[in-house]
Each structure stands twice: as C-alpha cells, then as structure tokens.
Amino acid sequence: MGSSIPSRTLIQHIYLHIPFCLTKCGYCSFYSVPYHSEKVRNYLDILHKETKLYQDILNLVPKTIYFGGGTPSLLNPHDIQKILACFDLSECEEVTLEMNPITVTESYLKALVKTSVNRISLGVQSFVDTELKFLGRRHTSTQISPKVQLLRDYGYHNISLDMMYGLPNQTTEEVQVSLESMLTLKPEHISTYCLSIEDKTAFYENGVKALDEDQVADIYDLIRKSLMDNGYVHYEISNFGKSGFESKHNLAYWDGNEYLGLGAGAAGFIDGVRYQNDEDMDKYEYDVVSKTIFPGGIEEKPADLEKEYIFMNLRKATGIDLSIYHARFSSDFMQKYKQVIDKYAKMNLLLIHQDSVKISPDAYFISNEILNEFM
C-alpha cells in the first residue's frame, strides 16, 4: 500500500505507540504486552527502522508528538530522546508523554527534563482507593498529590490528569471526592472518560456492568459544572482545559488533520488513506523489515471523510465551521443536512450561528444520538 501517497507530504502530527505495561487494566482495549527489558530494546530498534521508512517518503516536521500506550513512561528518558531526535523539532509545540503515577520518580524526572517532552498526561483515574483497586491501578490516592508536585518541581507546567467515571455502583459523592482532589492540584487540563465495557477486555470477559445511564448522566453534569465553575473550558465533549492549554495533538485529530502513527497497533491518516499497524509484535516487525508502508491502508471515500469530519467537529465546543466545511467538501452544510439541523434546532439541541453549527452543551450527554443522524 502507499502508491497513492504523494512523495514528501508534510506531516505535522505524530503518534508513537509504546505497548509495554506492568499489568493490564481490566478496562483497557488498547494493544499492550507485558514489560520485558529485552523486548523493549528489540521494539525500539524496529520503531527506529519504521521511522526511517517514513522519513524517506514523507516530510516529517511535527508540531505535535504524542507518546501513548501502554505505559510509555516505562521507556528510559534517553530512549525517548533518541526517538525524538529522529524528527525535525524546529516547529514542534507540544510533546506529550503518558505517565502512570508510579513511574513519576525523582530519578526519572531528572533524566526526563533533558528531553523535549513538555506535556505530561497522568493516568490518575480516581482519588477513591476502592475505585483504583477495581480499575487495577497500582497507585493509591495519597500518592497522587506528591507525584504532581514532583512534576511541578521539575518544571512541568502543562499537566493533564485523566479521570474515569461511570464505574459500577459509583456514587456522585465519590465523584465529588475525585473532582475536589483533582482541582486542588490545579492541572492545566483534565480528560474525562466514561467507563465502557469493550470486547476482549477483562471486564467484558468477567461480565462487569457499567453504571446505569441516568446515573452516568447526573455524574457527567456534575463533572461539567464543577470544572467549568473552576475556570476550565469545556472545549470537547470529554475534555476540559485552562485557556491556552487545550491538547494541540488531539485537536489535530478532531479537526481532521493528517497524522502519522508509528509502533505496533498505531493508526495513521495521510492523504485520505487510513491505516493501522498490526497489533501483534511479530507481524508488526515483519511489516517493517519487509518495508511495508501504510499496512492495511484504505483510501477513504469523500463521503466517509465528510462523515468523519462532521462527527469529530460536532464533538468540539466550537462545532462545525461552515466556511471550512464548504472549502473541504464543496457543499453547503446547512442545505445538505437541513432536515436533521431543523429537527434538533427546534429542540434547542443544536445551536445555529452565522458561521457555525454546534451541539448545545445541554445535549452533550446525548450527543451520539444526534451525531448518528448525520451519519
């Protein structure tokens, strides 16, 4: 695959998947494997070879780089910088590293500050110990604040905290505990994730049931109100940030921009071609060694690209920019989707402005129902 990709296409967003974990969380559906130092060394060698493959055909000048996983902070900071050194970082604004609280140590941060990483996404999830135990997290609630303070001490002032809600039998009081504890730490960004029981996860196989939808809706309203009352901008359905601290990398996804995915299981989107690396270490290595680019790549039809653009942009608080939509798809959004727009506008669930269409904040929790009608 790849004959349709113009040579030297400029790529400004790069995702690197680091699949190693100490333990697999019961809710996690992302590709991961148990940590083993020898396997890490081999994986990094393959990753460097894959990067070189794409450097030969693409112009990699990233504005954002994101290390996801897995647990990317299991990598030695020296190895992280070796990966980053493969790219022209002259225009790079944001390099995010996902971390687990247990990997935040003084010795680790002493080395990490010497790298180009300037944003930390910390997998806190909860400040209630019974919830952390249920989720399979290795840290306790009392460990979180010192870890965040340590990050501050080492100069990290762009920190995002993850929070999970909708856990079985979760109460609004428990959510309030996590919210208040999180707000005390004053992170620049907070990502919220409603627990979903996905196929092939331990939770699915063990028959775990998510919280009742009405209760989840109440919790979502509580989260939204609490964070906004404390100065966070609700800029995407699941994401809140202090002004200027929105995730630049994730905004690139939501805006429908191109990105290169590197590593086993990583997905990418370039010149209308969507591809995903194999979620098997041996098959991933085979593809790289055989110089297979854009494995399984499918050139998406214009109609599919349009649907994805609508879906992603209506998740953002700014909604669909009508002029950008018209420039991309040579179509009048208001006319093409008049029936759906009129239906939800009359219900005050869609807000119509001169230059944009957006989902009303009051309808965020039922946004999938609205989005599906556009699909």
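Trainee: How many residues does helix H11 have, and how far does it reach?
Mentor: H11 (residues 302-314) has 13 residues and reaches 18 Å from its first C-alpha to its last. That's close to the 18 Å expected at 1.5 Å a residue, where the expected span is 1.5 Å times one less than the number of residues. Helices here are DSSP runs (H or I, at least four residues), strands are E runs of at least two, and both are numbered from the N terminus.

Trainee: Which residues of H11 are buried?
Mentor: Glu306, Tyr309, Ile310, Asn313 and Leu314. Buried means under 20% relative accessible area, exposed means over 50%, and partly exposed is in between (1.4 Å probe, protein chains only). Seen down the axis of H11, those buried residues fall within an arc of 110°, so they line one face of the helix. The arc is taken from the directions from the helix axis to the C-beta atoms.

Trainee: And what covers them?
Mentor: The cover includes helix H9 (248-254), helix H12 (322-329) and strand E17 (356-359). Contact here means heavy atoms within 4.5 Å.

Trainee: What kind of model is this, and what pLDDT do local features need?
Mentor: It's a predicted model: local features need pLDDT of at least 70, side-chain atom pairs count only at pLDDT 80 or more, and totals for chains, interfaces and linings use all residues. Residues are numbered from 1 along each chain as its sequence is written, and side-chain values use heavy atoms, with hydrogens and water left out.

Trainee: What does the pLDDT average?
Mentor: The protein averages 92, and 95% of the residues score at least 70. pLDDT is the predictor's confidence in each residue, from 0 to 100. Where pLDDT is low, the predicted coordinates should not be read in detail.

Trainee: New topic: which residues touch the most other members of the largest nonpolar core?
Mentor: Phe67, Leu112, Leu260, Phe333 and Phe374, out of 90 residues in that core. Helix H1 (residues 37-55) gives the most to this core, with 7 residues. A nonpolar core is a set of buried Ala, Val, Leu, Ile, Met, Phe, Trp, Tyr and Cys residues joined through side-chain atoms within 4.5 Å. There's also a second, separate core of 6 residues, including Leu135 and Met164.

Trainee: Where is Thr115?
Mentor: Thr115 sits in the loop between helix H3 (106-112) and strand E6 (119-125). Thr115 is buried too, at 11% relative accessible area.

Trainee: What does the side chain of Thr115 reach at 3.2 Å?
Mentor: The backbone nitrogen of Val117. A polar atom of the Thr115 side chain also lies 2.7 Å from the backbone oxygen of Leu112. A polar contact is a pair of N or O atoms within 3.5 Å; within protein, one must be able to donate a hydrogen and the other to accept it, and residues adjacent in sequence count only if both atoms are side-chain atoms.
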